[in-house]
Amino acid sequence: MEKIRAAITAVHAWVPDYVLNNHEIATMVDTNDEWIQSRTGIKERRILKEAGVGTSKIGVESVNGILKKRGIKAEEIDLLICATTTPDYVFPATANVICDMIGAKNAFGYDVSAACSGFLFSLVTGAKFIESGQYKKVVVVGADKMSAIIDYSDRSTCIIFGDGGGAVLLEPNTEGLGIYDSILKSDGNGRHYLHQKAGGSVKPSSHETVDAREHFVYQEGQTVFKFAVKGMADVSAEIMERNHLKADDIAWLAPHQANKRIIEATAHRMGLSMDKVMLNIQKYGNTTNGTLPLCLWEWENQMKKGDNIILAAFGGGFTWGSIYLKWAY
Ligand SMILES: CC(C)(COP(=O)(O)OP(=O)(O)OC[C@H]1O[C@@H](n2cnc3c(N)ncnc32)[C@H](O)[C@@H]1OP(=O)(O)O)[C@@H](O)C(=O)NCCC(=O)NCCS
């Protein structure tokens with residue numbers, strides 16, 4: 001019998017209505033539309049403005065969408081993993097909040113913290129529960145309300161990030177479809193270049209940390225850029241090589257959307273033309289854990305059963321990786 005693989009059998013995503021475009025950002029900090037578009041590829045991003053509403057909202061809307069598409073009940077979910085860098089609370093896990101809000105009474109849930117690679121890492125983790133035969137329905141959410149931790153007076157970070165995300169359902173497949181291979185990497189030394197200084201146990205929140213604006217994303221952009229270009233391109237090329245895939249064999253690359261130039265460098269290294277690359281950074285910016293499910297959702301109707309898809313990501317930590325899968329529907 002063919003081995004059990006974890007296949008994505010539904011995808012849905014959600015973004016808030018409010019559009020923060022480059023022109024509005026230029027009224028907040030010293031920048032302009034031309035600079036942002038040429039350096040990052042971003043035209044606009046979505047912002048979740050509603051007070052008292054956190055990342056779980058993105059997860060709830062996305063998971064309800066996949067339940068509807070697949071015609072299943074929330075009670076049928078065995079496990080829900082939420083990849084996020086902006087959890088509703090420090091604890092409990094946002095996954096638990098989502099399970100409660102959608103009525104997933106039989107599921108257990110937990111969060112994964114791996115910055116922009118969180119969805120990729122969670123997809124592999126969730127897949128293992130399916131491949132082992134232990135569970136039949138695993139939901140993986142990737143969602144972030146980045147506006148909660150962005151300093152809108154810092155022009156080097158506020159232009160990049162946005163709010164949004166999505167979710168996928170993983171189910172067993174014995175027809176040779178689903179996840180084939182993955183490469184996951186991390187290097188903790190990268191923490192110096194991309195992190196949030198305060199609010200953790202090293203530097204708990206205080207008046208001083210708030211005054212020093214330390215509850216926002218801190219990034220050394222150029223250093224991160226260099227590591228991201230190399231990291232994402234390396235693992236994408238490596239996963240092709242070890243699965244004997246040529247550029248012609250690949251239907252789509254779903255890359256993390258951090259900077260259009262990083263994506264172009266990855267595609268170039270893989271020998272792929274940009275018309276095989278999922279690119280929606282212009283509309284959403286970098287939604288951190290949200291980018292990959294947002295791509296899969298937008299390209300859902302263009303992917304065909306059996307298509308070879310490569311997912312690739314790079315993020316804070318540093319964390320990075322790639323997945324090779326065959327699309328299942
Ligand atoms: C942040 C990023 C867009 C900046 O682009 P860059 O080409 O590296 O720009 P630099 O940081 O070298 O800055 C170049 C100049 O532009 C200026 N600048 C920075 N942000 C600006 C903005 N929004 N508008 C106008 N000028 C800006 C800088 O002050 C600097 O000016 P100087 O030369 O007078 O000092 C880019 O480094 C990047 O995308 N990094 C990776 C981000 C990323 O992927 N993060 C998430 C990882 S998951």
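**Exercise 1.** In this predicted model, find which residues of the largest nonpolar core touch the most other members, and which element gives the most to this core.

*Solution.* Start with the membership: the largest nonpolar core has 40 residues. Those touching the most other members are Ile25, Val217, Leu253, Met270, Ile310 and Phe314. Next, take the elements. Two or more residues each come from helix 8 (221–242), helix 9 (260–270), strand 12 (308–315) and strand 13 (319–326). Helix 8 gives the most, with 6 residues. Apart from this core there is a second, separate one of 34 residues, which includes Leu170, Trp252, Cys295 and Trp299.

**Exercise 2.** List the residues that valine 217 touches, leaving out those up to four places away in sequence.

*Solution.* With that exclusion, valine 217 touches Met146, Ile149, Ile150, Asp154, Thr157, Phe161, Leu194 and His195.

**Exercise 3.** Locate threonine 84, then decide whether threonine 84 is buried or exposed.

*Solution.* Threonine 84 sits in the loop between strand 4 (79–83) and helix 4 (94–102). Its relative accessibility is 5%. The cut-off for buried is under 20%, so threonine 84 counts as buried. Its contacts, not counting residues up to four places away in sequence, are Thr55, Thr94, Asp111, Val112, Ser113, Ala143, Asp144 and Asn289. With the side chain of aspartate 144, the side chain of threonine 84 makes a polar contact (3.0 Å).

**Exercise 4.** Describe what is found at the N-terminal end of helix 2 and just after this helix.

*Solution.* Helix 2 covers residues 33–40, and asparagine 32 caps its N-terminal end. The cap places a side-chain oxygen of asparagine 32 at 3.2 Å from the backbone nitrogen of glutamate 34. Just after the helix comes glycine 41, with a positive phi of about 90°.

Definitions and conventions: Residues numbered from 1 in each chain as written. Predicted model: local features only at pLDDT ≥ 70, side-chain atom pairs only at ≥ 80, totals over all residues. Heavy atoms only, no water. Polar contact = N/O pair within 3.5 Å; in protein donor to acceptor, adjacent residues only side chain to side chain. Helix = DSSP H or I, 4+ residues; strand = E, 2+ residues; numbered from the N terminus. Buried < 20%, exposed > 50% of the residue type's maximum accessible area, 1.4 Å probe, protein only. Contact = heavy atoms within 4.5 Å. Core = buried A, V, L, I, M, F, W, Y, C linked by side-chain atoms within 4.5 Å.
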